[in-house]
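Please take the sequence and the coordinates together, and keep both in view while reading the paragraphs that follow.

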Amino acid sequence: MKRSRLLVLSLISSLLVISVSLFQWDLVDIITEFLMLPVWLFVYAFFIIITVWALIHLFKNRKWQPFVIQLITIALWFFFPFTQVNLDLNFKIHQEKREEAAAKIENGVIKPNVPDSPSLIQLPKEYTQLSKGGGDIEVETKGKSTSILFFTYRGMLDNFSGFVYEPNDYKPSKSDFDGDFKQIEKVHKNWYYVSSY
């Protein structure tokens with residue numbers, strides 16, 4: 001009975017670590033970074049406790065399955081690109097709707113509507129899921145071209161990331177959207193992933 005309980009706890013702790021690693025930025029958007037801290041602490045502390053228990057169980061009873069599950073999870077946590085997979089899924093799932101919203105912005109159907117910030121647009125309800133942090137997007141005009149930033153993470157101050165729609169497919173500059181981009185990566189025609197921190 002003890003062995004099967006440890007095996008189940010090992011599976012649960014591993015699934016929690018993998019789930020939090022894959023969906024952490026979605027969770028941050030829902031519950032904020034401050035409330036995410038206890039979640040991280042609980043999940044990783046639980047995982048460490050179960051790993052130690054599985055290691056003791058391995059030496060005492062020569063039952064290796066729980067510890068192997070923990071080792072596989074540790075290897076995945078270190079080597080599997082959870083954040084990149086999440087970003088790729090986010091881009092593919094929302095690309096069509098983002099392009100639809102971008103076209104409406106370019107045609108003047110959707111206009112800046114945040115009184116104290118002329119570069120921000122609070123998206124209509126049907127588009128709010130396209131940009132994290134409340135459904136706001138940022139617009140930057142360069143000549144006749146309008147670049148649009150859909151947030152994937154909206155932190156504090158200049159700590160943010162997102163997908164930039166560039167209608168002329170020009171690579172964003174490091175200082176666009178008042179950022180200091182450390183990462184600018186083309187993900188599709190007219191689309192770039194940017195990260196400022």
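Which residues does Gln70 touch, not counting residues up to four places away in sequence? They are Ser10, Ser13, Ser14, Phe47, Ile50, Thr51 and Ala54, where contact means heavy atoms within 4.5 Å. Gln70 is found in helix α2, helices being DSSP runs of H or I with at least four residues and strands being runs of E with at least two, both numbered from the N terminus. At 0% relative accessibility Gln70 counts as buried, a class defined as under 20% relative accessible area, with exposed set at over 50% and partly exposed in between (1.4 Å probe, protein chains only).

This is a predicted model, in which local features need a pLDDT of at least 70 and side-chain atom pairs count only at pLDDT 80 or more, while totals for chains, interfaces and linings use all residues. Residues are numbered from 1 along each chain as its sequence is written, and side-chain values use heavy atoms, with hydrogens and water left out. The predictor's confidence in each residue, pLDDT, runs from 0 to 100; the chain averages 91, and 98% of the residues score at least 70. Confidence is highest in helix α2 (residues 65-79), at 96, and lowest in β2, at a mean of 90. Where pLDDT is low, the predicted coordinates should not be read in detail.

The next element to trace is the sheet. Six strands form an open sheet in the order β1-β2-β3-β4-β6-β5, with antiparallel pairing, two strands being counted as paired if DSSP finds at least two bridges between them. The edge strands, each of which pairs on one side only, are β1 (120-122) and β5, and the twist averages 30° from one strand to the next, with axes taken as lines fitted to C-alpha atoms, for helices over the stretch in contact, and angles running from 0 to 180 degrees between N-to-C directions.

Within this sheet, β4 can be followed on both of its sides. β3 and β4 pair in the antiparallel sense over six bridges; in β4, Phe160 is the bridge partner of Arg154, and Phe163 in β4 stands opposite Phe150. β4 and β6 also run antiparallel and are joined by six bridges, with Gly162 standing opposite Val194 in β6. Six of the six residues of β4 are buried, so this strand is largely enclosed by the rest of the structure.

Side chains of opposite charge can pair when their charged atoms come close. The structure holds seven salt bridges, each a side-chain nitrogen of Lys or Arg within 4 Å of a carboxyl oxygen of Asp or Glu. One of them joins Lys97 and Glu100 (3.7 Å, N to O), which both lie in helix α3, three residues apart, about one turn of the helix. Lys97 counts as partly exposed at 33% relative accessibility, and Glu100 is partly exposed as well, with a relative accessible area of 34%.

Lys142, Glu166 and Asp176 are linked in a network of salt bridges. The side chains of Lys142 and Glu166 meet at 3.4 Å, N to O; Lys142 lies in strand β2 and Glu166 in the loop between β4 and β5 (181-188), so the pair ties together parts that are 24 residues apart in sequence. The side chains of Lys142 and Asp176 meet at 2.7 Å, N to O, and, because Asp176 lies in the loop between β4 and β5, this pair ties together parts that are 34 residues apart in sequence. At 34% relative accessibility Lys142 counts as partly exposed, whereas Glu166 is buried at 2% and Asp176 is buried with a relative accessible area of 6%.
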